[in-house]
Amino acid sequence: MKQTPQQRRQHVDKAHKLSIVRQCKLLSIHRSGLYYKPVGESDLNLELMRLLDEKHMLHPWLGVPRMTTWLNMDKGYKVNKKRIERLYKLMGISAIGPKPNTSKPGKGELHKIYTYLLKNLNVEASNQVWAMDITYIPVKGGYLYLVAIIDLYSRFVVGWSLSNTMTAHWCKQTLDTAIENYGAPEILNTDQGSQFTALEFSNYVTKDRNIRLSMDGKGRAIDNIFIERLWRSLKYEHIYLFPADDGIQCYQGVKTWFNYYNKERRHQNLDNQHPIAVYQQNLKPAA
């Protein structure tokens, strides 16, 4: 009888002389199933987080006070503002426009904010500008975080990764893999989250890779509109329709959807072409 990925995962032995990567490859499973365990929360909080995520996708301008009112008066919950503030921070979301910022950049000498560089910029080729962002992904019994990098000209997703924590090191590794696979962009645009303002990440971008780093203004998700649209498409076309039971299933589902998005899904704004085709046909010559 053919074993499921969950069953094959039980054969992985961390004390074995073969590396974890090699064992996973031989068993045809992805190592995310070993390391990316969904973060647990109470059943009520997970229920609220799912509602917050869907509402935020549709109405990103709603802040904590109005979202708390909506949950209490329209959805019948008895929750206070403090709980919703905490969940906003856990999920890495915040409202567009002036607000108490729940995704604040880190403070002190180990963090730095960069100027927004995309205003009035004409993006004319692939690898001219990439955008990078993090979103919350619900998984049975908990949640994971997903980071993705999109080429703004072609809408091609050049890199992504799942994790159960949001760290600068994780973002750096994901970007490093994308650069190794596709070359470096001239500009990388992010928000002002602490993962991106951390010197471990920003120094890697600007000094090690010689990439110009651009950051959205506070509460300006519109600045990163293409990756916001990517999250909306992913969640409404896959995540909400096919909720994952564990880390492996989540990884496999997201991988399948990104492959579809890059290679099979035609985009009206790209003259009904596939992102991978537009990306490959319009690569900016290396300097």
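**Entry 1: strand pairing**

Which residue of strand 5 is the bridge partner of Leu188? I looked this up in a predicted model, where local features need pLDDT of at least 70, side-chain atom pairs count only at pLDDT 80 or more, and totals for chains, interfaces and linings use all residues. I number residues from 1 along each chain as its sequence is written, and side-chain values use heavy atoms, with hydrogens and water left out. The partner of Leu188 is Leu213. Strand 4 (residues 187-190) and strand 5 run parallel and are joined by 4 bridges; two strands pair if DSSP finds at least two bridges between them.

**Entry 2: the chain**

I recorded 12 helices and 5 strands for the protein chain; these are DSSP runs numbered from the N terminus, helices being H or I of at least four residues and strands E of at least two. Of its 287 residues, 48% count as buried (under 20% relative accessible area; exposed is over 50%, partly exposed in between; 1.4 Å probe, protein chains only).

**Entry 3: Asn210**

I located Asn210 in the loop between helix 9 (199-208) and strand 5 (212-215). Is Asn210 buried or exposed? Asn210 counts as exposed because its relative accessible area is 67%. Pro185 is 25 residues from Asn210 in sequence, and their C-alpha atoms are 9.4 Å apart in space.

**Entry 4: the cavity**

I searched the whole structure and found 1 cavity of 30 Å³ or more; on a 1 Å grid over the protein atoms alone, a cavity is a set of points where a 1.4 Å probe fits but cannot get out, and lining residues have an atom within 4 Å of a point. The largest cavity holds about 40 Å³ of space, a volume being the space filled by probe spheres set on the points, which are joined across faces, edges and corners. Its lining includes Ile137, His238 and Phe242. Strand 1 (129-139) and helix 10 (225-239) each supply at least two lining residues.

Methods:
On a 1 Å grid over the protein atoms alone, a cavity is a set of points where a 1.4 Å probe fits but cannot get out, and a pocket is an open set with protein on both sides within 12 Å along at least five of seven lines; lining residues have an atom within 4 Å of a point.
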